[in-house]
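Let's take some structural labels and ask where they come from. Have a look at the model first.

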Amino acid sequence: MRRYFVVFISLYTIFLLYMMFFASGREASEVSYLQMRPFITIQHFFTDDVDSEAFLVNIIGNVFVFSPFGWLGLCVRRFNSLVPITGFFLVVITIIESIQYISGRGVADIDDVFLNTLGMCIGFILFKYATWKNIANIRFHFELLEDRKSLKTA
């Protein structure tokens, strides 16, 4: 299970980076935009007359597409806790948003950081729930990892 997830999350990350920097006709622009006031973009999508497709892409999409990163605890043991994975994710997504701003290939928006992190946290909660309920025998795979580590140290 762990091996499959490593392959999946690696390919998924490459796909998301492509979408964030090159898809939808994104080209480098000399004009960069940085939005640092929290919740302005989110408020715009809830209060202004915005079509449902734009809402789905910008609000739901920013949350949903980052939820698989909440399962990084399968790959990296220290990400099996909310604080370390959230800290790591915040740093990485902030760097990505900054690169979008510097390269002119997108809008660097603090609300994107918030929504992406919310998505990762939802994914983490689902991961913890799946582990607690032992969906797909996840606990067995974790115990197997622990057994391998103890065998290597013995």
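What follows is a set of questions and answers about the labels used for this chain.

Q: What are we looking at, and how are residues numbered?
A: It's a predicted model, where local features need pLDDT of at least 70 and side-chain atom pairs count only at pLDDT 80 or more, while totals for chains, interfaces and linings use all residues. Residues are numbered from 1 along each chain as its sequence is written, and side-chain values use heavy atoms, with hydrogens and water left out.

Q: How many helices and strands does the chain have?
A: There are 6 helices and 2 strands, running α-β-α-α-α-β-α-α from the N terminus on. Both kinds are DSSP runs numbered from the N terminus: helices are H or I with at least four residues, strands are E with at least two.

Q: Why are α3 and α5 called oblique to each other?
A: The axes of α3 (residues 52-64) and α5 (residues 110-133) cross at roughly 45° and come within 6 Å. Axes are lines fitted to C-alpha atoms, for helices over the stretch in contact, and angles run from 0 to 180 degrees between N-to-C directions. Under 35 degrees is roughly parallel, over 145 roughly antiparallel, 65 to 115 roughly perpendicular, and the rest oblique. So α3 and α5 are oblique.

Q: What makes α2 roughly perpendicular to α5?
A: Helix α2 (residues 40-47) packs against α5 at about 80°, with the axes 7 Å apart. That angle makes the pair roughly perpendicular. Ile40, Thr41 and Ile42 of α2 meet Asp111, Phe114 and Leu115 of α5, where contact means heavy atoms within 4.5 Å.

Q: How do you know that the span of α5 agrees with its number of residues?
A: The expected span is 1.5 Å times one less than the number of residues. For the 24 residues of α5 that should be 34 Å, and the end C-alpha atoms are 35 Å apart, so the two agree.

Q: Which residue caps the N-terminal end of α5?
A: Asp109 does, with a side-chain oxygen 2.9 Å from the backbone nitrogen of Asp111.

Q: Why is the pair of Tyr12 and Phe69 called tilted?
A: Rings of Phe, Tyr and Trp (its six-membered ring) pair if their centres lie within 6.5 Å; planes under 30 degrees apart are stacked, over 60 edge-to-face, and the rest tilted. Tyr12 and Phe69 sit 6.0 Å centre to centre with 45° between the planes, hence a tilted pair.

Definitions and conventions:
Polar contact = N/O pair within 3.5 Å; in protein donor to acceptor, adjacent residues only side chain to side chain.
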